[in-house]
Amino acid sequence: MGITVTFRQIEPNETLKGYAVDKITKLEKVINNPFDANVILSVKKYRHIAEVLLTAKGISVKAIEETDDLFSAIDLVVDKVEKQVKKFREKKKEHANYGSLNKSILDESAEEEDISVSGGVEVVRLNNSLPKPMTMDDAVKHLEFSGKDVLLFLNFETNTYNVVCRLKDGRVGFIEP
């Protein structure tokens, strides 16, 4: 981890430098990887500007804050960097979860609504939300990895609801309205 503090149009001040370094090192809790940070502190007339450029494995964040006090500018810019890093992590998590093929689309939103018996067979009515759009290839992959026999999906290419199902002979059937 490397933190550099640069002063522009202001005399170098150990108090400001220490404050900035302390604030940036607290970001270690949010960023699990080693990172490098460049902090630029400058004063232009009555404007006190704090700028942070943070780079870590797979992420690069830049934030600028301007106030009438350098200490508050440092606080605000570090808060902004922390929010950006958290947002990036959440996006990365959501993207990873979207790509995982461990869950069936119907399982994600299915809740038992009521149970009835019809012809000696117990029927469970599920409350499902609308399926996610995907291609037929993605739907077949979801069907294979989910272990289910039937999958309803919104075909991304035709914008219609389709069904893929596992046939008794091991092949996959495709039903199109």
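## Ground rules

Two strands count as paired if DSSP finds at least two bridges between them, and the strands themselves (E, at least two residues), like the helices (H or I, at least four residues), are DSSP runs numbered from the N terminus. This is a predicted model, where local features need pLDDT of at least 70 and side-chain atom pairs count only at pLDDT 80 or more, while totals for chains, interfaces and linings use all residues. Residues are numbered from 1 along each chain as its sequence is written, and side-chain values use heavy atoms, with hydrogens and water left out.

Let's start with pLDDT, the predictor's confidence in each residue, from 0 to 100. The protein chain averages 82, and 82% of the residues score at least 70. Residues 99-112 are another story: pLDDT is below 50 there. Beyond near neighbours in sequence, that stretch still has 32 contacts in the model, a contact being heavy atoms within 4.5 Å. Where pLDDT is low, the predicted coordinates should not be read in detail.

Strand 2 (residues 35-44) runs antiparallel to strand 3, with ten bridges joining them. Two residues sit between the strands in this hairpin, and K45 takes a positive phi near 55 degrees. Strand 3 then pairs with strand 4 (residues 59-67), again antiparallel, over nine bridges. That hairpin has two residues between its strands as well, and G58 in the turn has a positive phi of about 85 degrees. A56 stands opposite I59 in strand 4.

Strand 3 (residues 47-56) is largely enclosed by the rest of the structure, because seven of its ten residues are buried; buried means under 20% relative accessible area, exposed over 50%, and partly exposed in between (1.4 Å probe, protein chains only). Over in strand 2, S42 stands opposite I49 in strand 3. S42 counts as buried, at 8% relative accessibility. Leaving aside neighbours within four places in sequence, S42 touches R8, R47, H48, I49 and L70.

Strand 8 (residues 150-155) and strand 9 (residues 161-166) run antiparallel, joined by five bridges. L154 has Y161 in strand 9 as its bridge partner.

On a 1 Å grid over the protein atoms alone, a cavity is a set of points where a 1.4 Å probe fits but cannot get out, and a pocket is an open set with protein on both sides within 12 Å along at least five of seven lines; lining residues have an atom within 4 Å of a point. Grid points are joined across faces, edges and corners, and a volume is the space filled by probe spheres set on the points.

There is one cavity of 30 Å³ or more, and the largest cavity has a volume of about 30 Å³. A20, I24, V39, A50, V52, I74, V77 and V78 line it. Helix 2 gives the largest share of that lining, three residues. The lining has eight nonpolar residues, no polar and no charged (Ala, Val, Leu, Ile, Met, Phe, Trp, Tyr, Cys and Pro count as nonpolar, Asp, Glu, Lys and Arg as charged, and the others, Gly among them, as polar).

The second largest pocket holds about 190 Å³ of space. Its lining includes A56, I59, V85 and F88, and splits into six nonpolar, two polar and three charged residues. Helix 2 (residues 70-99) gives the most here, with four residues.
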